[in-house]
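Me: I have this protein open and would like to talk it through with you. Could you take me around it piece by piece?

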Amino acid sequence: MRIGFIGLGIMGKPMAKNLLKAGHTLEVYDIVEAQVKELVAAGAAAASSPKDVAARNDLIITMLPNSPHVKKAVLGEGGVIEGAKPGSVLVDMSSIAPLASLEVAAELAKKGIEMLDAPVSGGEPKAIDGTLAIMVGGKEAVFEKVKDVLLKMGASAVLCGDIGAGNVTKLANQIIVALNIAAMSEAFVLATKAGVDPERVFNAIKGGLAGSTVLNAKAPMVLEGNYKPGFRIELHIKDLQNALDTAHETGTPILLTSQVMEIMQALKVDGKQSDDHGGIIQFYEKLAGVKVRKGGAK
Ligand code: NAD
């Protein structure tokens, strides 16, 4: 299967490299030339546009920031739709609005091009390891056709439903992650102000019911005051906006999500939009007038 890959950022680059390592031939495109050069050095061929990628490959993978970028690269001038042959498959692994996945898939279907939405969870470390969790929407037959390729980038690939279901699942994932980080932040600020070392709190509770993958990943970072991304607050704002839009479209009140969204908006106003989402704790630290650090209040 000839594979094309569009979008070589924090996530796309290591994902594409894993496909190369697995022995696939790969043709790549990004609007930033330096990203393309790095992949060419790793053994990929360079294409000059998404149309170019689509014309020469049967499977086209996109890993782009948000819905407008995917629409532009797939449906815009020089886009995938202009080059792709009937029967070829687009797998969009970006985290975008589920409604946008439906719109893009409907346009592609008019030309006989199949599509799956297949966003991921796990961040850059798991993209590098090839152990992402991949959540997929689309036809089962199409999923079965590309599943082996997906499993070169992920430890799991689960078909969640029809097209759009992958991104609905990703929104659920992002709500749970955001609310967990906010809960951890409230708890650590409270413990610190009450005079208990938050590192001891973390060590005492991580094996109990409050323990989680989020806690294990983020607590060690925030206890050092380390907010290097990882997953930027501005990308999480994008995901929560898509969650709120989807909630309003479907008539689903999601109260806690809207609160964490406003916390992230406040951090953005404070210039912290490029911090890791673990940096949510800075909002609570400012309210309570304390810094959460190993050993207790700072
Ligand atoms: P990124 O901003 O690092 O990379 C996006 C890449 O797309 C960039 O290289 C950019 O130049 C390229 N691009 C933008 N528009 C383009 C176009 N029209 N044609 C070709 N290339 C174009 O973002 P990222 O962190 O790699 O995230 C990509 C997606 O994965 C996002 O939807 C994000 O929410 C999701 N995601 C990210 C993480 C993470 O930890 N970073 C984890 C899970 C999911």
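**Walking through the model**

Reply: Let me start with Ser 185, which sits in helix 9 (residues 165–193), where helices are DSSP runs of H or I with at least four residues, strands are E runs of at least two, and both are numbered from the N terminus. Before going on, note that this is a predicted model, in which local features need pLDDT of at least 70, side-chain atom pairs count only at pLDDT 80 or more, and totals for chains, interfaces and linings use all residues. Residues are numbered from 1 along each chain as its sequence is written, and side-chain values use heavy atoms, with hydrogens and water left out.

Me: OK, is Ser 185 buried or exposed, and why?

Reply: Ser 185 counts as buried because its relative accessibility is 0%; buried means under 20% relative accessible area, exposed means over 50%, and partly exposed lies in between, with a 1.4 Å probe and protein chains only.

Me: And what is Ser 185 in contact with, leaving aside neighbours within four places in sequence?

Reply: With those neighbours set aside, Ser 185 is in contact with Ile 280, Ile 281 and Tyr 284, contact being heavy atoms within 4.5 Å.

Me: Zooming out, how is the protein divided into domains?

Reply: There is a domain 1 (3–163) and a domain 2 (168–288), with bounds that come from an automatic or database domain assignment. The C-alpha centres of domain 1 and domain 2 are 29 Å apart, and the contact draws 13 residues from domain 1 and 11 residues from domain 2.

Me: How much area do domain 1 and domain 2 bury between them?

Reply: About 970 Å² is buried between domain 1 and domain 2, with 58% of it on carbon and sulfur atoms; buried area here is the accessible area (1.4 Å probe) that two parts lose on being put together, summed over both. On the domain 1 side, Ser 95, Pro 98 and Met 135 supply 38% of the area buried against domain 2, which is more than any other three residues.

Me: What about salt bridges and polar contacts between domain 1 and domain 2, how many are there?

Reply: The count of salt bridges between domain 1 and domain 2 is 0, where a salt bridge is a side-chain nitrogen of Lys or Arg within 4 Å of a carboxyl oxygen of Asp or Glu. Across that interface there are 5 residue pairs in polar contact, both residues being at pLDDT 80 or more. A polar contact is a pair of N or O atoms within 3.5 Å; within protein, one must be able to donate a hydrogen and the other to accept it, and residues adjacent in sequence count only if both atoms are side-chain atoms.

Me: Which elements supply the side of domain 1 that touches domain 2?

Reply: Helix 6 (98–109) and strand 7 (120–121) each supply at least two residues of the side of domain 1 that touches domain 2. By class, that side of domain 1 has 10 nonpolar, 3 polar and no charged residues, with Ala, Val, Leu, Ile, Met, Phe, Trp, Tyr, Cys and Pro counted as nonpolar, Asp, Glu, Lys and Arg as charged, and the others, Gly among them, as polar.

Me: Changing topic, how many salt bridges does the count come to by this rule?

Reply: The count comes to 15 salt bridges. One of them joins Lys 218 and Asp 276, whose closest N and O atoms are 3.0 Å apart. Lys 218 lies in helix 11 (residues 213–222) and Asp 276 in the loop between helix 13 (255–269) and helix 14 (281–288), so the pair ties together parts that are 58 residues apart in sequence.

Me: Are Lys 218 and Asp 276 buried or exposed?

Reply: Lys 218 counts as buried at 12% relative accessibility, and Asp 276 is buried with a relative accessible area of 2%.

Me: Which partner does Glu 107 have?

Reply: Glu 107 forms a salt bridge with Lys 110, the closest N and O atoms being 3.0 Å apart; Glu 107 is partly exposed at 32% relative accessibility, while Lys 110 is exposed with a relative accessible area of 65%.

Me: Last one, where is the cis peptide bond?

Reply: The cis bond joins Pro 229 and Gly 230, with omega of about 20 degrees, and Gly 230 is found in the loop between helix 11 and helix 12 (233–250).
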